[in-house]
Amino acid sequence: MSVLEQPFIGGRSEAPLLPLGRYLPLLPAGIIETWLKQTLPAGAWILDPIGAHPQLALEAARAGYRILITSNNPILSFMLEILAAAPPQSEFEAALAALAISKRGEERLERHILSLYQTPCAACGQLVSAQAFIWQNEPLRLVSRIYRCLHCGDEGERPVTPLDVEKLNLPGNDALHRARALSRVIGDQSSVTREQVNEALKTYLPRPLYVLTTLINKVETLPLSEERRRLLTALLIQVCDEGNTLWQYPALRPRPRQLTVPAQFRENNLWLALENAVSLWCSASQPVPLSVYPQLPSEPGICLFRGRISELPSLTMQNQPAAVISILPRPNQAFWTLCALWSGWLWGREAVQPLRGALERRRYDWYWMSNAIQRALRELPRQISEGTPFFALASETTPGFLLAAFLGPLVAGFSLKGLALERESELAQFHWQSAQTAPPVRAKSNPKPLLQSALRRYLEERGEPARYLSLFAVALCELMESSLLPRRVVEITPDLLTRLQALLAEVLEDRKLFVRYAAHGQGEESGSWWLSEANQANLPLADRLEKEIVRRLVQHPTTQRSELETSLYPLYPGVLVPSQALITAVLESYAQPISGQPHYWQLRPEDDPARRRADLNNALRSLQQIGEKMGYRVDGKQPVRWLNEKGESVYLFYLLASSIISPYVFQPQSVPPQRCVLVLPGGRTGLLGYKLRRDPRLNEAYQKGWRLLKFRHLRYLSEYPHLSVGQWEDLLNGDPPQWEDAVQMRMF
């Protein structure tokens with residue numbers, strides 16, 4: 001079985017909202033549970049050796065498994081403990097109330113902090129608490145504020161006022177606040193570490209830094225129970241993030257990876273952020289048993305080891321994992337550096353020690369990531385049973401991250417059994433297996449003809465152009481199966497990604513085999529590729545998916561979305577996985593949501609097969625009547641041909657109940673495309689427009705002049721009195737499709 005025959009596992013819903021969610025890997029709910037139940041008996045031991053996402057352990061435990069998770073990040077470890085305990089909202093609110101009524105001098109702390117964000121309403125002049133202020137960087141200046149007035153209802157973004165500028169004068173000395181914030185993170189450390197912490201501190205304006213130090217100091221000194229102090233610390237973790245300048249405005253890139261201040265950013269109201277953080281921490285309804293290693297749970301639950309997997313004592317036969325699961329984190333200098341900063345602020349310098357490496361390293365690339373994954377996994381194949389499955393996820397994949405996700409486990413001693421990649425969400429699912437003995441070394445082959453053959457097979461099977469990331473994944477799988485990827489650490493060189501991409505580029509540049517579609521001015525990785533000769537290609541993937549979804553809707557007029565996806569994914573494995581957007585486009589064309597039943601869809605009444613057959617028959621009769629009125633002889637059914645007195649075709653009409661136009665627009669026609677007409681239901685034009693936007697080959701063929709005629713407009717034309725040939729041409733385009741014109745891609 002090829003590694004690209006692995007079905008994709010879909011989630012039940014999008015990733016749940018969690019604190020610090022903008023830094024965490026994207027993990028749709030339900031994927032972990034589904035894989036575990038497909039693979040292991042309930043109650044089995046599993047291991048997460050990387051600990052990049054608390055939701056993974058929570059979902060595994062709630063699915064009925066015992067999971068040992070290693071976490072070297074104090075912030076993520078603490079998050080997991082709080083989320084597993086699932087304190088009720090009332091406890092968070094009680095802790096927050098105790099903080100709010102505490103005093104800062106003679107003033108309540110809540111009132112003092114909110115006063116720092118007061119701004120006059122532009123409509124009524126009353127003072128209100130701004131939700132956020134908008135700053136411009138380089139030069140740094142305050143430009144506007146966002147508020148909602150409770151007095152008159154005025155809301156939105158308004159220019160700054162002199163009072164807003166005056167509010168920037170804070171109690172105390174900013175330099176002193178920064179010195180204290182620095183000292184809580186490092187002592188007499190190296191100048192490199194000090195410089196990195198100072199760089200992180202630059203992402204905090206004076207006002208949020210003052211508020212944060214005030215809140216942290218107050219939580220430390222208040223006479224609170226340990227549990228309330230922990231809950232307030234949890235809220236402060238989110239507020240520490242809300243206080244930095246990495247909130248781009250507008251939010252074009254909401255998932256920062258570098259400590260780079262955007263050209264324009266939000267300064268959030270941190271007391272409101274504190275209040276809003278409560279709902280993020282209360283997303284779970286049921287607690288999960290959690291113990292700290294070496295105490296092991298005897299029932300489904302989580303065992304947390306605070307440290308690296310390399311520091312974990314050797315796994316005994318008693319708690320041998322039946323499987324290894326993990327989600328690989330994207331390299332993220334911003335998150336890892338800020339976690340070190342926040343750990344020092346909340347728990348002191350000792351808490352920063354596990355993250356010293358994050359403070360000393362500035363660059364995280366695919367090469368570093370490959371070695372980091374390998375180091376995390378290298379001892380496992382010798383400690384666990386041979387053949388133990390390892391399910392690894394990688395979200396927001398790029399060619400470099402995909403290569404690291406391949407090489408890390410491969411060099412650590414795991415064997416890849418399956419890969420599924422959903423290109424549009426950039427979510428990759430790897431099915432590895434531990435192998436204590438190295439696979440036999442095959443004779444080295446010339447990679448170029450291997451890649452040519454593999455890419456051609458993939459595109460023929462796909463039936464439509466493919467994006468670069470999918471082609472790169474196919475290339476990596478072919479190179480791995482041909483023993484042309486490194487199997488030892490010393491074979492991974494910093495230039496490997498460049499060499500592999502150059503090899504792939506050389507293959508794709510062969511215009512006898514491949515053609516490229518790309519928008520003008522975009523780089524190599526932005527294009528789509530297709531075959532120069534496609535005689536053996538399948539029907540396009542989008543068309544096959546449409547047929548399959550319709551077939552299932554007809555068989556089961558009421559369908560749950562997740563069940564539909566589960567039935568679809570085995571039909572399109574590996575890198576053929578249809579996107580969520582494509583599935584949604586097909587569903588919205590043929591079905592409608594059921595009121596009161598979330599995620600359930602039912603076939604539209606007008607798309608009942610009997611009604612559509614009647615529509616097609618009526619359309620055929622209308623075309624016959626119109627053609628005969630204008631003096632044409634009408635012949636055929638698919639296509640319907642209008643013939644002149646010489647017996648020559650003047651118009652060709654293709655009657656469709658679907659949006660599957662590829663069998664017609666890709667084939668040579670006996671008349672110019674301007675006289676080829678696709679006749680279909682109006683409800684299908686949205687889906688067709690989506691297909692044209694996602695498939696440049698289909699769009700190029702359609703844009704040669706093909707016409708589109710909706711059933712309803714055809715009925716109108718059939719009733720038009722004394723229709724002439726000239727009027728027909730004018731009226732044919734009278735009911736155009738309601739979609740954005742798909743921009744014709746340039747082909748090279």
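**Notebook: contacts, burial and salt bridges**

I began with contacts (heavy atoms within 4.5 Å). Among contacts in the protein chain between residues at least 6 apart in sequence, I found that 70% join residues at least 24 apart.

The model is a predicted one: local features need pLDDT of at least 70, side-chain atom pairs count only at pLDDT 80 or more, and totals for chains, interfaces and linings use all residues. Residues are numbered from 1 along each chain as its sequence is written, and side-chain values use heavy atoms, with hydrogens and water left out.

**Whole chain**

I looked up the C-alpha trace, which spans about 100 × 75 × 50 Å along its principal axes. The chain holds 29 helices and 28 strands; these are DSSP runs numbered from the N terminus, helices being H or I of at least four residues and strands E of at least two. Of the 748 residues, 54% are buried (under 20% relative accessible area, with exposed over 50% and partly exposed in between; 1.4 Å probe, protein chains only).

**Salt bridges**

I searched the whole structure and got 36 salt bridges, each a side-chain nitrogen of Lys or Arg within 4 Å of a carboxyl oxygen of Asp or Glu.

I then took the pair Arg22 and Asp241, whose closest N and O atoms are 2.9 Å apart. Arg22 sits in the segment before helix H1 (31–39) and Asp241 in helix H10 (residues 226–242), so this pair links distant parts of the chain, 219 residues apart. Both Arg22 and Asp241 are buried.

Next I checked Glu464, which is buried at a relative accessible area of 2%. Glu464 forms a salt bridge with Arg462, closest N and O atoms 3.5 Å apart; Arg462 counts as buried, at 10% relative accessibility. Glu464 also meets Arg694 in a salt bridge of 2.8 Å, N to O. Because Arg694 lies in helix H26 (residues 685–694) and Glu464 in the loop between helix H18 (447–462) and strand S17 (466–467), the pair ties together parts that are 230 residues apart in sequence.

I also noted one network, in which salt bridges with shared partners join Asp607, Arg612, Asp615 and Arg684.

**Ser589**

Ser589 is buried, with a relative accessible area of 5%. Leaving out residues up to four places away in sequence, Ser589 touches Arg604, Asp607, Gly683, Arg684 and Leu687. Asp607 and Arg684 I had already listed in the salt-bridge network.
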